[in-house]
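Open the model in your viewer and keep the selection tool ready. The stops below say what to select and what is there.

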Amino acid sequence: MFVEVIVDINHKQVDQLFTYRVPKFLEQQVTVGQRVIIPFGRQTKVGYVIRCVERLDDAQFNDPSKIKSIQALMDYEQVLTNELIELSRWMADTYITTRIGAIESMLPSALKVKYERLIFMNPEHEVQMNLFSDALKDKFNASGHSGFKLSSIPLDSQLFKEIQQLLDEGVLIQESDIAQSLNKKKSLSVQYIEQNIERLKGQKQIECYELIKSRPFDWWTYSDLKSHGFSRSVVKGLVDKQFLEEGYVEVARDPFAHMDVLPTEKKQLNGEQQIVFDRISNDIVESKQQVHLLHGVTGSGKTEVYLNLIEQALSLGKEAIMLVPEISLTPQMVERVKARFQDDVAVLHSALSAGEKYDEWSKINKGIAKVSVGARSSIFAPFKELGIIIMDEEHESTYKQQDHPRYAALDIAIERSKYHDIPIVLGSATPRLETYVRAEHDVYTLNTLTTRANQQATLPDIHLIDLTKEFTVDPQMLFTNPLLNSIKETLQKGEQCVLFLNRRGYSTHITCNECGHVPHCKHCDISLTYHHHSQSLKCHYCNYEEKKSHQCLSCHAQNSMELIGVGTERAAETLGELIPEAKIVRMDNDTTRKKGAHERIFNQFGQGEYNVLIGTQMVAKGLDFPNVTFVGVLNADTQLNLPDFRASEHTFQLLTQVSGRAGRADKAGQVYIQTFNPTHYAIKHVVSKDYLAFYQEEMAYRKMAKYPPYFYMTLIVIEHDDMDVTLQHAHYIYQYIDQQMNKGCYLLGPTPSPVSKVKDKYRYQLLIKYKQQNQMNHILYQIDQQYRSLYQTDRIAVHIYINPDHFM
Ligand SMILES: Nc1ncnc2c1ncn2[C@@H]1O[C@H](COP(=O)(O)OP(=O)(O)OP(=O)(O)O)[C@@H](O)[C@H]1O
Ligand SMILES: [Zn+2]
Ligand SMILES: [Zn+2]
């Protein structure tokens with residue numbers, strides 16, 4: 001038997017199938033999707049079995065005896081299903097990436113292997129140790145002559161040179177050793193040994209032995225048995241009498257052990273919810289591949305519909321994937337899914353440690369968990385009988401991976417839904433234009449929820465405060481009187497406020513009030529951000545940091561550097577001064593860095609320990625607190641002014657989402673939005689709560705400007721240390737594309753990128769607009785190929801972003 005294998009080396013040149021022989025003793029065990037250890041050139045590598053072949057193609061192999069054998073299995077279970085293996089090929093083609101890169105993005109990082117090189121003396125070579133340096137002799141002696149790791153020797157040392165020399169002469173040899181970064185958690189456990197039960201006297205011991213005997217192949221931890229009422233001494237006694245065998249066995253960590261999730265009852269769906277549920281549920285039952293848009297206003301009970309659909313899939317013996325944008329943005333979602341489906345749920349998200357992620361993934365791989373809730377990469381959850389895929393808040397940009405392979409979770413979902421013949425649900429109060437237009441044209445099924453689910457709740461009243469007319473009362477220019485008065489009124493009624501500021505840090509920039517100088521990053525074309533906590537200026541692109549100085553570096557005026565633009569930290573401080581009775585808690589990147597900080601802040605706010613929650617994007621979405629009746633947006637314009645054609649869309653989405661946090665239960669909600677652009681359509685339609693009106697106006701603009709969804713767009717960014725070289729290659733790529741592309745495509749540029757320098761590299765960009773989704777793939781592939789090799793020699797980097805969300 002032979003296998004075809006993809007090798008764990010992320011390089012185009014070796015990104016192909018290699019054939020290996022399977023030794024007799026492994027024939028029964030090797031399966032597709034497993035990892036094997038193989039000789040590769042002069043190294044030992046890990047490979048993924050893609051295909052098993054009984055007979056070789058004679059034409060291809062004229063000397064089959066030359067085919068090498070696999071050495072061992074890396075693990076006993078499959079890590080990739082047949083479906084995922086196929087998908088990796090599709091990804092490599094679609095995203096212009098390597099197949100191994102695609103495979104890696106599907107697996108938990110804990111499965112990543114580390115390769116070590118061990119140095120030995122060559123047993124087939126006459127070795128004269130007395131010719132070795134003392135340092136080398138010490139190395140061998142210290143290892144008991146069983147070899148040492150090459151990585152333990154500094155690269156620039158004399159010893160390293162000596163070893164290289166001896167390797168070349170064949171006196172020493174090296175061998176690869178493969179280590180896995182995974183630390184499996186092990187726990188002391190016991191297992192059944194067959195014995196005559198008559199020999200047991202104690203009643204407790206007999207019961208315990210009977211229980212373990214009932215599942216003779218299982219390992220039981222001491223704490224398992226304790227929960228069945230058997231103390232440690234009872235179990236130990238059985239071990240001593242050799243009724244049980246003791247050993248350390250891998251156990252799963254439970255990252256949610258601290259989270260008490262009580263099972264919740266289903267809610268009776270309302271009329272609209274029921275209609276939507278029936279329609280989608282029908283597609284689950286009939287195994288119909290169909291994308292559904294669930295367009296439901298904030299608080300319309302989309303989550304409740306998702307939970308019922310998952311339940312439906314489970315009742316048919318199928319599994320479900322529920323994607324959320326980022327766990328930190330939707331903290332309550334995990335809890336709600338866990339509460340409904342308890343131990344059937346695996347949670348996959350970035351806040352877990354690598355080991356915890358592996359354990360959760362393993363639960364799916366072993367068929368223990370039936371539902372996964374997680375961020376983007378959990379779209380690859382290795383389920384075998386998928387019944388439904390749900391993407392909550394489908395408009396979020398976190399559903400696209402920014403690094404290689406730059407996949408979109410929706411594309412992957414669609415591939416998987418074709419494989420399993422199942423529906424996909426895209427839920428949002430503010431769908432992307434790309435999504436809505438497909439629903440309009442019946443490519444997707446449109447489902448709508450027009451009212452709030454809770455019968456007493458209505459959508460909040462939304463008011464604008466025109467900052468061109470209304471003056472702010474504080475020197476930081478954050479709060480107007482109408483806003484402050486509403487906050488006070490809310491607090492007096494014993495209700496809660498959410499305040500949203502689209503920034504982080506104490507203040508964004510500092511500027512000299514004498515000459516207008518703004519400190520910039522030394523390595524990037526971007527102004528530095530002031531952080532009050534550390535009294536320093538930081539670059540958010542490269543992490544460069546410097547102390548804030550009192551003197552202007554440009555005009556040398558003393559004490560002239562002032563803060564402009566204000567962040568959440570300063571806003572919270574100012575509000576505390578203006579309304580001393582407010583109990584304020586802040587939520588942004590700074591206050592949530594520690595593990596579990598999100599949860600803690602939400603819980604404390606939910607329990608009423610605070611009455612004002614002030615924060616960035618993190619407070620804008622997914623919150624469901626009945627006592628929040630007021631939402632204030634301090635400045636609606638920050639996002640509107642970004643150089644991005646989606647600026648209006650993003651502003652409309654964000655303001656609608658944050659407004660939606662108010663008045664979700666029986667108390668009516670109020671929203672105040674401060675803006676310098678009260679007549680801008682993105683803001684006007686938030687006030688009128690009219691998604692469709694916004695959609696139509698924005699579509700007209702996109703059509704005129706030839707933007708998505710009328711055109712597909714690809715951004716190409718060219719980066720190099722030298723500006724002239726960068727521009728030269730940008731022109732070269734321009735000409736290449738210009739000659740190859742069809743009529744009806746548009747090529748723009750080269751222009752400097754909006755952030756024209758990052759980490760000391762100059763950046764130019766080209767933009768292509770075209771009509772058919774994959775029509776540029778061939779050209780882009782060629783460019784990618786060529787520049788991959790050029791990068792090796794000339795360090796010229798070319799990044800290709802297909803349908804990017806951001807153009808910075
Ligand atoms: N059928 C129902 N009857 C009563 N209450 C319901 C019903 N469905 C949902 N709810 C409640 O209404 C509130 C809003 O529901 P949910 O959070 O599911 O809305 P959503 O559409 O997901 O919201 P958003 O998009 O704003 O995050 C929740 O508190 C939920 O418990
Ligand atoms: Zn920088
Ligand atoms: Zn100055």
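Begin by selecting C521, C524, C539 and C542, which UniProt lists, in an unreviewed entry, under "binding site". UniProt positions follow the numbering used here, feature names are shortened, and annotations may be inferred rather than shown by experiment. The four span 22 residues in sequence, but no two of their C-alpha atoms are more than 8.7 Å apart, so they gather at one spot.

This is a predicted model: local features need pLDDT of at least 70, side-chain atom pairs count only at pLDDT 80 or more, and totals for chains, interfaces and linings use all residues. Residues are numbered from 1 along each chain as its sequence is written, and chains are lettered from A and ligands numbered from 1 in the order in which they are written.

Next, select C521, in the loop between β21 (507–512) and β22 (529–531); strands are DSSP runs of E, at least two residues long, and helices are runs of H or I, at least four, each numbered from the N terminus. C521 has 25 C-beta neighbours inside 10 Å and so counts as buried (20 or more other C-beta atoms within 10 Å of its own, C-beta atoms being placed from the backbone). Leaving out residues up to four places away in sequence, its contacts are I526, L528, C539, Y541, C542 and Y544 (C-beta atoms within 7 Å).

Move to C539, in the loop between β23 (536–538) and β24 (545–547). C539 is also buried, with 21 other C-beta atoms within 10 Å. Beyond four places in sequence, C539 is in contact with C521, C524, I526, L528 and Y544.

Note on methods: A residue is buried if 20 or more other C-beta atoms lie within 10 Å of its own, exposed if 12 or fewer, and partly exposed in between; C-beta atoms are placed from the backbone. Two residues are in contact if their C-beta atoms, placed from the backbone, lie within 7 Å.
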